[in-house]
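Student: I'm new to this one. Can you put it up so we can go through it together?
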Amino acid sequence: MQSRTSGTLVESPDITLEELQLAVRNHSMPLEALRYPITPIGLHYLLIHFDIPHVDVAEYELVVGGHVRNTLRLSLDEIKSRPAQTFAVTLECAGNGRARTSPRPLSQPWLGEAVGTAEWTGTPLGGVLREAGLRDGAVDVVFTGLDRGVQGGVDQRYERSLAVEDASQIEVLLAYAINGQPLPPQHGFPLRLVVPGWYGMTHVKWLRSITVLDHAFEGYQQASAYHFRTVEGERGAPVRRMLPRALMVPPGVPDFMSRTRFVEPSRQVIEGRAWSGLGAIAAVELSCDGGATWSKAELDDEISPFAWRGWRYTWDATRPGEYELCARATDAAGNVQPLGQRWNLEGVQNNAVQRVRVVVGAADRQQAPADSL
């Protein structure tokens, strides 16, 4: 079978071999992990563009150069000796929800769970940039990873940039630990970028260099990939900050294949998390009838300005039947999750509301556990 390139539109609902290869390398967060305010490392979502590089930490150094007065070469120990900060930060893949669009773009087939919240520890990037000394006219700060591959016909290191103003924000970290532990290889060991509020492609892993430019960076991942466009050939709008999204822990127990939920007639406490990179979460609503009517959920206290917010709603599920539960978030800037998919050529920024099919009532047959006999 001839391989298709990333971005090819797939008309069939069937998963392709290319998508399967990506899906077994990457993984989403199980929805039941929403119960954890801080996602355990092994449950946090992962997207790895190319290969996980092998790094000998004894030989590792981060080079900071370009349009600066002082080129820096920092070992990991030197970076860890600098002032440190720890922030709880929600990361979400820009392609979250891609697999639900039609026709869907050929890439990692996320359904809606490509997210996680971790406590990242590192040194603020701003301090490193001040030490390097930006020259007048500095425009972009480019972050180059150790990972290398071919995408869009271009052999490249994975590279993304931030405008100087964005890179200088106090919350932007050069992170070397997650949830109090050294970064594991898949999360960017020994050093990665963490940019709270921005989609996951911004958080460059396995950092090998930081290069300051006096012009806009036009690398593939910056200028070609991660743009919201609906017509081939147009540049489109660059993808940056996370749009609002709410996710719920599906109630009851699942059907193995369809993931349809079964609950006994009862009052069900539905809980979940909501986040946005455009403003604090102001409200979460739940619908039990597929989005026809909505009721406000109760919000938990924030755990961090950069992390998701917990919510809960008590659903009167005493009448047997089939229901479609939906959750939607609104942020303080007035952005509201849409009911439908936001189709585009890359399948990015698709923050349509989550929909969960629930059957109130017992399954056709029940098997009593052996330890109850």
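Student: Leaving aside neighbours within four places in sequence, which residues is Ser287 in contact with?
Tutor: Ser287 is in contact with Ala292, Thr293, Trp294, Glu324, Leu325 and Cys326, once its neighbours within four places in sequence are left aside. Contact here means heavy atoms within 4.5 Å. Before going on: this is a predicted model, where local features need pLDDT of at least 70 and side-chain atom pairs count only at pLDDT 80 or more, while totals for chains, interfaces and linings use all residues. Residues are numbered from 1 along each chain as its sequence is written, and side-chain values use heavy atoms, with hydrogens and water left out.

Student: OK. Is Ser287 buried or exposed?
Tutor: Ser287 is buried, at a relative accessible area of 0%. Buried means under 20% relative accessible area, exposed over 50%, and partly exposed in between, with a 1.4 Å probe and protein chains only.

Student: And what does the side chain of Ser287 reach at 2.8 Å?
Tutor: The backbone nitrogen of Gly291, at 2.8 Å, and the backbone oxygen of Thr293, at 2.8 Å.

Student: Which strand is Ser287 in?
Tutor: Ser287 belongs to strand β19, residues 281-287. Strands are DSSP runs of E with at least two residues, numbered from the N terminus.

Student: Switching to sheets. What is the order of strands in the open sheet of four?
Tutor: The order is β15-β18-β22-β21, and the pairing is antiparallel. Two strands pair if DSSP finds at least two bridges between them.

Student: Which strands stand at the edges, and why is one side of each left without a neighbour?
Tutor: β15 (245-248) and β21 (298-299) stand at the edges; each has a single partner strand, so one side of each lacks a neighbour in the sheet.

Student: How many bridges join β15 to β18?
Tutor: Four bridges join them, with β18 covering residues 266-275. As an example, Ala246 has Ala274 in β18 as its bridge partner.

Student: And how many between β18 and β22?
Tutor: Nine bridges, with the two strands running antiparallel. Val269 stands opposite Thr314 in β22, and Arg273 has Gly310 in β22 as its bridge partner.

Student: What about β21 and β22, how many bridges there?
Tutor: Two bridges, again antiparallel, with β22 spanning residues 309-317. Glu298 is partnered with Arg312, and Leu299 stands opposite Trp311.

Student: New topic. How many cavities of 30 Å³ or more are there?
Tutor: The structure holds two. A cavity is a set of points on a 1 Å grid over the protein atoms alone where a 1.4 Å probe fits but cannot get out, and lining residues have an atom within 4 Å of a point. Grid points are joined across faces, edges and corners, and a volume is the space filled by probe spheres set on the points.

Student: What lines the largest cavity?
Tutor: Its lining has 20 residues, and Leu47, Gly200, Met201, His203 and Lys205 lie nearest the centre. The space in the largest cavity is about 230 Å³.

Student: And which residues line the second largest cavity?
Tutor: Asp166, Gln169, Glu171, Val172, Val195, Pro196, Trp198 and Arg241. The second largest cavity holds about 40 Å³ of space.

Terms used
Polar contact = N/O pair within 3.5 Å; in protein donor to acceptor, adjacent residues only side chain to side chain. 1 Å grid on protein atoms, 1.4 Å probe; cavity = no way out; pocket = protein on both sides within 12 Å on 5 of 7 lines; lining within 4 Å.
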